[in-house]
Amino acid sequence: MMLTVPRGKEKIASLLLTLAAFSTVLILMIIIGYVIFRGINHISLDFLLDRPRKMGSEGGIFPVIVGTLYYAILTISIATPIGVGAAIYLQEYTRGNTLTKIIRFGTEILAGIPSIIFGLFGYAFFVVLLEEYTKGWSLVSGSLTATCMILPTIIRTSEEALKTVPSSFREASLSLGANRWQTIYKVVLPTAIPGILTGIILGIGRAIGETAALLLTLGGTLLSPESAFDGARTLSMHLYMVALETGNMDVAFATAVVLIILIFIINFIANFVINKIVAHQRR
Amino acid sequence: MKVKLSAQNLNLHYGSFQALKEINIDIKEKEITAFIGPSGCGKSTFLRSLNRMNDLIKGVTIDGNVLIDNQDIYSSKIDVVELRKKVGMVFQSPNPFPMSIYDNVAYGPRVHGNKNKRKLNEIVEKSLKQAALWDEVKDNLNKSALSLSGGQQQRLCIARVLAVEPEVLLMDEPTSALDPISTLRVEELVQKLKKDYTIVIVTHNMQQAARVSDVTAFFLTGEIIEYDITENIFTKPKDQRTEDYITGRFG
Amino acid sequence: MKVKLSAQNLNLHYGSFQALKEINIDIKEKEITAFIGPSGCGKSTFLRSLNRMNDLIKGVTIDGNVLIDNQDIYSSKIDVVELRKKVGMVFQSPNPFPMSIYDNVAYGPRVHGNKNKRKLNEIVEKSLKQAALWDEVKDNLNKSALSLSGGQQQRLCIARVLAVEPEVLLMDEPTSALDPISTLRVEELVQKLKKDYTIVIVTHNMQQAARVSDVTAFFLTGEIIEYDITENIFTKPKDQRTEDYITGRFG
Amino acid sequence: MKKKSELIVKIILFFTSIIAVSTIVLITFFIFKTGLPVIQKYGLWNFLLGSTWNPTKEIYGILPMVIGTFYVTFLALVIGIPFGISTAVYLAEMSSEQASKIIRPAIELLAGIPSVIYGLVGMVVLNDIMRNIERNLLGNILPKEYQWGYSVLSGGIILAIMILPTIINISEDALRSVPRKYKEGALALGATHLQTITKVIIPAAKSGIVSAVVLAMGRALGETMALIMVIGNMPAIPKHGLLSIFAPISSLTGVIALEMGYAGPNHRAALFAVGIVLLFFIASLNIFAMFFIRRGGEKV
Amino acid sequence: AGCGEKEEMADDKQEGLSGRLKLAGSTSVQPLAEELAMRFMELNPNVKIEIAGGGSGAGIESVAGNGVADIGMASRELKEEEKTNNQDIRAIVIAKDGLAVIVHPDNEVSELSTKQVKDIFTGEITNWKDVGGKDAGITVINREEGSGTRGAFQELVLGKEGNYTTKAAIQNSTGAVKEAVKADPNSIGYISMGSLSEDVVGVVIDGANPTTEAVKDGKYPISRPFNFIIKVEAQGLTKAFIDWVLENEGQSMVSEQGFISL
Ligand SMILES: Nc1ncnc2c1ncn2[C@@H]1O[C@H](COP(=O)(O)OP(=O)(O)OP(=O)(O)O)[C@@H](O)[C@H]1O
Ligand SMILES: Nc1ncnc2c1ncn2[C@@H]1O[C@H](COP(=O)(O)OP(=O)(O)OP(=O)(O)O)[C@@H](O)[C@H]1O
Ligand SMILES: [Mg+2]
Ligand SMILES: [Mg+2]
Ligand SMILES: O=P([O-])([O-])[O-]
């Protein structure tokens with residue numbers, strides 16, 4: 001949408017802005033393209049289904065995929081109820097009193113804390129102090145740590161989603177004699193669900209991409225986890241360890257490809273579901 | 001006729017701003033009462049204080065009484081949920097829920113514990129008929145309510161309220177978002193409903209007030225300036241300000 | 001008097017919705033022309049097509065001609081920036097920039113390359129005086145414009161336009177966001193400006209049109225129904241619809 | 001009965017909502033509990049301003065890491081801000097629908113790429129390029145230890161890419177939320193598009209843009225994995241003036257992530273103390289941001 | 001692959017063992033421990049062994065302090081502070097890992113003495129010509145502070161008092177050291193022998209090639225212990241597992257994995 005005929009300085013400026021904007025696309029293509037170019041050849045069914053050998057420099061990554069999925073599902077099933085619950089409380093039950101201000105402030109601060117600090121905390125609290133319950137380095141410890149990390153993301157996006165539900169829906173429901181929870185459960189949440197799902201997906205993405213905090217809490221075993229109290233290793237961790245401990249870049253890049261594909265798949269499914277829901281509501 | 005609703009010395013503040021000043025009014029059963037007045041004069045605010053919808057807004061303080069069937073609705077003994085069941089409300093712009101037509105109408109009965117499928121079907125049909133929408137939607141009850149036209153949506157909202165079987169119907173500019181034809185249909189509907197319900201309607205449109213209501217209250221900056229049978233208000237207003245307003249000299 | 005602006009068979013679509021239909025009108029120099037009509041009839045749309053402000057909106061298509069001093073403003077030879085310099089605009093709600101009073105008024109001259117401090121001071125003073133705001137703000141030129149009252153803000157916006165020395169002044173409901181006293185001041189101002197500018201003013205308020213304008217155009221659903229000197233429109237309208245509208249029978 | 005279940009729901013929701021805050025308290029508590037004794041024993045200034053980090057000999061001076069962290073963050077901002085804001089302006093003001101359809105998902109994906117992947121690509125591709133530049137182009141003027149690819153500059157570039165989405169998204173929001181009437185006002189006065197952007201829209205969006213930068217800075221300060229993989233982790237203070245952008249450095253986050261595992265008890269406590277310092281920087285930044293941004297907002 | 005021969009060993013003497021073991025610690029020991037554990041679990045289906053990383057320090061701490069693990073893995077000796085603070089733990093060597101000193105394949109120097117290596121890494125020797133090479137500055141590549149490998153190299157080569165040269169480039173992993181040496185013809189670094197590959201050259205030290213045999217024979221001087229850390233009084237499954245590791249089958253798996261058996 002060009003508003004005015006660009007002339008002289010205008011032309012140069014708009015050219016520069018355009019270049020800047022498209023360079024983000026270029027950077028993305030270089031990064032993803034390079035990773036795929038380096039990694040794709042190493043991927044085979046064997047690689048996906050075999051167990052790693054020699055610190056992962058040989059063999060496959062099956063237990064790592066299992067570990068990643070286990071970890072992602074566990075994390076999200078802990079973080080979702082808490083995050084969405086908190087968002088509901090903040091949006092629907094409070095009227096911006098001091099307490100909400102404190103909670104919001106806390107959430108803000110939490111969002112800014114670097115993941116390595118979460119790692120230190122997760123190690124000291126979940127791994128060491130609560131060892132009796134979490135069994136030390138384990139999926140539980142890692143997922144709880146990750147939950148703390150992604151909570152702000154889920155709370156914030158869910159809050160935004162709840163905010164966009166027109167207050168006329170709430171008023172209509174209440175004026176029909178529904179109580180507050182009925183109103184939330186039957187009208188507000190279903191309307192907000194696409195936004196909330198987006199938040200959850202962002203959360204999963206962040207959880208899967210995390211490495212630093214997990215190095216200190218998840219254990220990093222190369223065996224497949226059999227319960228939530230076993231240790232595990234995620235693709236991100238594996239990629240880091242293989243690249244740095246063994247120097248086998250083929251495996252590292254192949255793992256990176258799998259990681260990227262996994263993130264794509266999750267996003268794709270999520271968008272599909274969200275679109276379905278939205279379409280259903282508008283039909 | 002019996003007095004259904006009555007406000008006594010009602011004052012309402014939003015924070016420090018006084019939106020209603022010493023409102024006194026008796027609203028009679030099975031009559032249509034219209035509230036008119038320039039924008040911001042407190043019509044909606046007053047309407048919303050009749051079913052405690054203002055409870056939702058931060059910083060609202062109220063003194064004085066609102067009685068329904070001689071019971072103070074602001075007393076702590078009142079169950080707000082029951083009150084709102086009894087005093088239904090239709091809003092300025094149609095606000096059907098983003099679900100099917102059927103579910104919209106069944107919403108009220110369901111939250112009040114009615115789970116019987118047959119019974120619900122009956123209620124939905126009856127309410128949609130009352131709201132003069134049945135014929136237009138009966139083959140598409142599972143369609144999303146959002147796919148209806150504005151006028152249909154507003155009638156759906158009316159059906160939705162009727163399904164709860166309220167005694168009083170509060171309508172806040174129910175036609176202001178509608179085209180003239182839809183407006184007409186809603187006005188007809190209101191007239192029809194009058195025999196079963198006590199109706200209070202807020203409108204910006206003086207012609208509308210004149211057409212549909214039995215009594216009219218004229219609001220100005222939070223006060224009721226004049227309250228009389230509609231004909232009197234429009235033909236021989238007692239207060240100069242009322243006259244100025246209805247002749248379009250300000251507002 | 002000379003024709004300053006003229007529209008010929010102007011049609012405008014928002015996407016597939018036709019907002020203006022075959023508009024033909026000649027606006028004369030140094031007269032005040034008022035556009036009236038019910039909400040959504042296309043008054044703003046037409047006004048904005050006179051300085052190509054509709055270019056900002058996606059999906060707008062236009063055919064027909066708009067001439068200013070007999071030049072087609074939609075021709076590709078026209079420099080939109082120059083056009084807008086010549087055709088100033090004042091908006092419905094006051095929109096001063098979030099900067100000082102001085103900078104607001106100096107904004108236009110500055111973007112047009114005037115950097116001379118002395119000269120700018122003169123322009124600012126003159127414009128504020130023309131807009132009847134100088135006395136109220138002369139000691140506080142560095143105060144944020146947002147700290148002014150609504151009426152002052154609107155006059156500031158007028159001063160801001162005057163500083164660019166346009167030939168035509170388009171005003172889209174310039175007083176609708178103002179209180180009665182501010183409204184009066186702006187109306188006086190418009191009358192005063194008439195001797196130097198060609199003014200087009202959109203208003204919802206028929207009294208206002210009657211008070212300030214020389215000629216009035218009545219719009220309805222995208223068409224100009226009637227266009228005549230103001231007195232005629234308000235005392236002996238030729239079209240039934242005009243009469244209905246000005247007597248408040250609809251809208 | 002209905003009332004009662006309502007109350008229970010409310011109580012449950014209330015508890016979920018205070019978990020985030022409690023986490024902050026717990027984090028602070030645990031990090032301070034382990035780390036504070038080290039700072040007390042060693043002395044705050046010795047700890048903060050000591051230029052030697054040698055845990056084997058129980059020498060804990062974190063100045064090199066503090067400098068490294070801020071250096072690389074600074075570089076990232078210098079590279080990222082112009083790019084980010086330009087992109088935001090383009091998207092908010094000039095982009096056609098089709099262009100947005102390409103650029104926006106790209107930004108989203110950039111934000112979604114895990115930091116280890118940035119690290120990996122940085123380590124393999126970027127550092128290779130840097131090494132070539134350092135050896136072949138600048139071989140004569142660069143000191144030997146600045147010639148092996150791992151450098152502040154690599155870290156700065158990688159970080160800049162990683163913070164781009166933050167800068168772009170928040171600035172774009174800010175630019176878009178500038179009321180349309182300002183833009184119309186300016187255009188109606190005959191300002192060109194560029195003048196409207198630079199003189200009205202950007203100033204009006206200032207506080208949003210500042211908050212974008214501050215948030216991006218927070219993200220950069222806290223980044224761990226990508227940095228470990230590209231900056232060389234050398235706990236030394238860079239010298240040689242401008243040439244020091246080729247210096248290998250180490251970061252506060254990196255030292256924790258790398259050394260936690262191997263550390264004996266005293267060393268580990270020292271790493272928690274590094275955590276305290278990091279937490280302090282981040283918290284000050286956030287609080288500054290909240291304060292500044294709110295003030296900025298009021299002024300407009 | 002690798003599990004074809006499990007049938008024949010199935011009813012070994014360990015039969016009847018059951019329970020859970022948790023190992024944690026050094027990431028260098030971890031892969032070996034995982035292979036050992038996998039095998040042990042095949043032999044004893046009722047035993048479950050979980051292995052977590054965390055690093056040598058964390059491994060020791062996890063046994064000594066908080067009891068997170070039954071067996072800690074460490075690629076270094078216990079530090080004095082760790083010994084004095086925790087009288088109730090002991091270290092058991094289960095394997096050795098030789099450290100190879102590596103240079104670029106183009107480097108003329110292929111043999112060094114321990115003393116020369118020490119002087120290079122402390123910064124006393126800075127030019128290849130002083131150790132028989134061409135006239136070029138030496139790029140020393142060191143591991144990061146706190147690395148188990150670096151700690152071992154310090155003890156084995158530099159001694160307690162020796163200080164690494166501050167001019168050294170730091171790499172934070174075996175892989176990265178290899179990459180760095182590959183990239184610079186004048187560089188020198190050290191890595192675990194198990195990670196040697198063709199693209200770098202392991203220098204002959206004191207006349208001995210960096211091979212497992214040489215380490216075993218005691219000819220090659222630079223090797224570090226892989227330790228299991230346990231409570232002094234550890235019994236039952238912990239003991240059974242360690243005993244098995246120290247016996248024939250365990251030790252042959254150690255060799256299989258490229259480490260040096262006892
Ligand atoms: N939530 C609120 N907080 C503060 N003031 C409010 C709030 N809602 C309304 N007001 C103020 O109370 C006054 C009465 O508002 P109300 O909505 O009742 O007017 P109204 O007569 O319904 O106007 P309209 O015809 O425009 O709907 C107005 O001045 C309005 O600004
Ligand atoms: N950006 C737009 N996109 C699509 N339709 C539009 C747009 N702007 C206006 N319209 C439609 O064009 C018609 C004319 O709008 P316009 O704003 O010109 O009316 P108006 O006479 O100024 O009304 P009002 O008195 O309410 O300001 C309306 O039906 C409106 O809905
Ligand atoms: Mg209202
Ligand atoms: Mg308009
Ligand atoms: O994992 P490390 O063996 O280097 O302690």
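Contact means heavy atoms within 4.5 Å. The exercises below use a predicted model.

**Exercise 1. Chain pairs**

Find which pair of chains has the most contacts, and state how far apart the chains are in two pairs that do not touch.

Solution. 
Step 1. Apply the contact cut-off to the chain pairs: 8 pairs touch, and the most contacts are between chains A and D.
Step 2. Turn to chain E. No contact joins chain E to chain B, and the closest C-alpha atoms of these two lie 50 Å apart.
Step 3. Chain C does not touch chain E either; here the nearest C-alpha atoms are 52 Å apart.

**Exercise 2. The fold of chain D**

Count the helices and strands of chain D and give their order.

Solution. 
Step 1. Chain D has 12 helices and 2 strands.
Step 2. Read from the N terminus, the order is α-α-β-β-α-α-α-α-α-α-α-α-α-α.
Step 3. For the overall dimensions, take the C-alpha atoms along the principal axes: those of chain D fill a box of roughly 75 × 70 × 35 Å.

**Exercise 3. The interface of chains D and A**

Describe what chain D brings to its contact with chain A, and state how many salt bridges and polar contacts link the two.

Solution. 
Step 1. Count residues: 76 of chain D are in contact with 77 of chain A.
Step 2. Take the area. The two chains bury about 6,600 Å² between them, with 83% of it on carbon and sulfur atoms.
Step 3. Look for the residues of chain D that lose the most area to chain A. They are Phe30(D), Met94(D) and Leu120(D), which together make up 8% of what that side buries.
Step 4. Check for charged and polar pairs. Between chain D and chain A there are 0 salt bridges, and 2 residue pairs are in polar contact, both residues being at pLDDT 80 or more.
Step 5. Helix 1 of chain D, residues 2–42, gives the largest share of the side that touches chain A, with 18 residues.
Step 6. Sort by class. The side of chain D that touches chain A has 53 nonpolar, 17 polar and 6 charged residues.

**Exercise 4. The interface of chains A and E**

Solution. 
Step 1. Here 28 residues of chain A are in contact with 33 residues of chain E.
Step 2. The buried area is about 2,300 Å², and carbon and sulfur atoms give 51% of it.
Step 3. On the chain A side, Trp137(A), Leu223(A) and Glu245(A) lose the most area to chain E; together they account for 27% of what that side buries.
Step 4. Search for charged pairs. Side chains of opposite charge can pair when their charged atoms come close. This interface has 3 salt bridges.
Step 5. Assign elements. Strand 1 (52–53), helix 5 (115–129) and helix 11 (235–246) of chain A each supply at least two residues of the side that touches chain E. Helix 11 of chain A gives the most, with 5 residues.
Step 6. Sort by class. The side of chain A that touches chain E divides into 13 nonpolar, 6 polar and 9 charged residues.

**Exercise 5. The site of ligand 5**

Identify the residues around ligand 5 and explain why the site is shared between chains.

Solution. 
Step 1. List the shell. From chain D comes Tyr262(D); from chain E come Ser26(E), Thr27(E), Ser28(E), Ser56(E), Ser75(E), Gly148(E), Thr149(E) and Arg224(E).
Step 2. Because residues of chains D and E surround ligand 5, the site is shared between chains.
Step 3. Classify the shell: 1 nonpolar, 7 polar and 1 charged.
Step 4. Check polar side-chain atoms against oxygen atoms of the ligand. The distance is 2.6 Å for Ser26(E), 2.5 Å for Ser56(E) and 2.3 Å for Ser75(E).
Step 5. Work out the cover. Ligand 5 taken alone exposes 200 Å², and the protein buries 99% of that.

**Exercise 6. A salt bridge within chain B**

Locate the two partners of the salt bridge between Asp69(B) and Lys2(B).

Solution. 
Step 1. Over all chains the structure holds 57 salt bridges. In the one between Asp69(B) and Lys2(B), the closest N and O atoms are 3.4 Å apart.
Step 2. Place each partner. Asp69(B) is in the loop between strand 4 (60–68) and strand 5 (71–72) of chain B, whereas Lys2(B) is in the segment before strand 1 (3–14).
Step 3. The pair links distant parts of the chain, 67 residues apart.

Note on methods:
Residues are numbered from 1 along each chain as its sequence is written. Chains are lettered from A and ligands numbered from 1 in the order in which they are written. Side-chain values use heavy atoms; hydrogens and water are left out. A residue is near a molecule or strand if one of its heavy atoms lies within 4 Å of it. A polar contact is a pair of N or O atoms within 3.5 Å; within protein, one must be able to donate a hydrogen and the other to accept it, and residues adjacent in sequence count only if both atoms are side-chain atoms. Accessible areas come from the Shrake-Rupley method with a 1.4 Å probe; for residues, only the protein chains shown count as cover. Ala, Val, Leu, Ile, Met, Phe, Trp, Tyr, Cys and Pro count as nonpolar, Asp, Glu, Lys and Arg as charged, and the others, Gly among them, as polar. Buried area is the accessible area (1.4 Å probe) that two parts lose on being put together, summed over both. A salt bridge is a side-chain nitrogen of Lys or Arg within 4 Å of a carboxyl oxygen of Asp or Glu. Helices (H or I, at least four residues) and strands (E, at least two) are DSSP runs, numbered from the N terminus.
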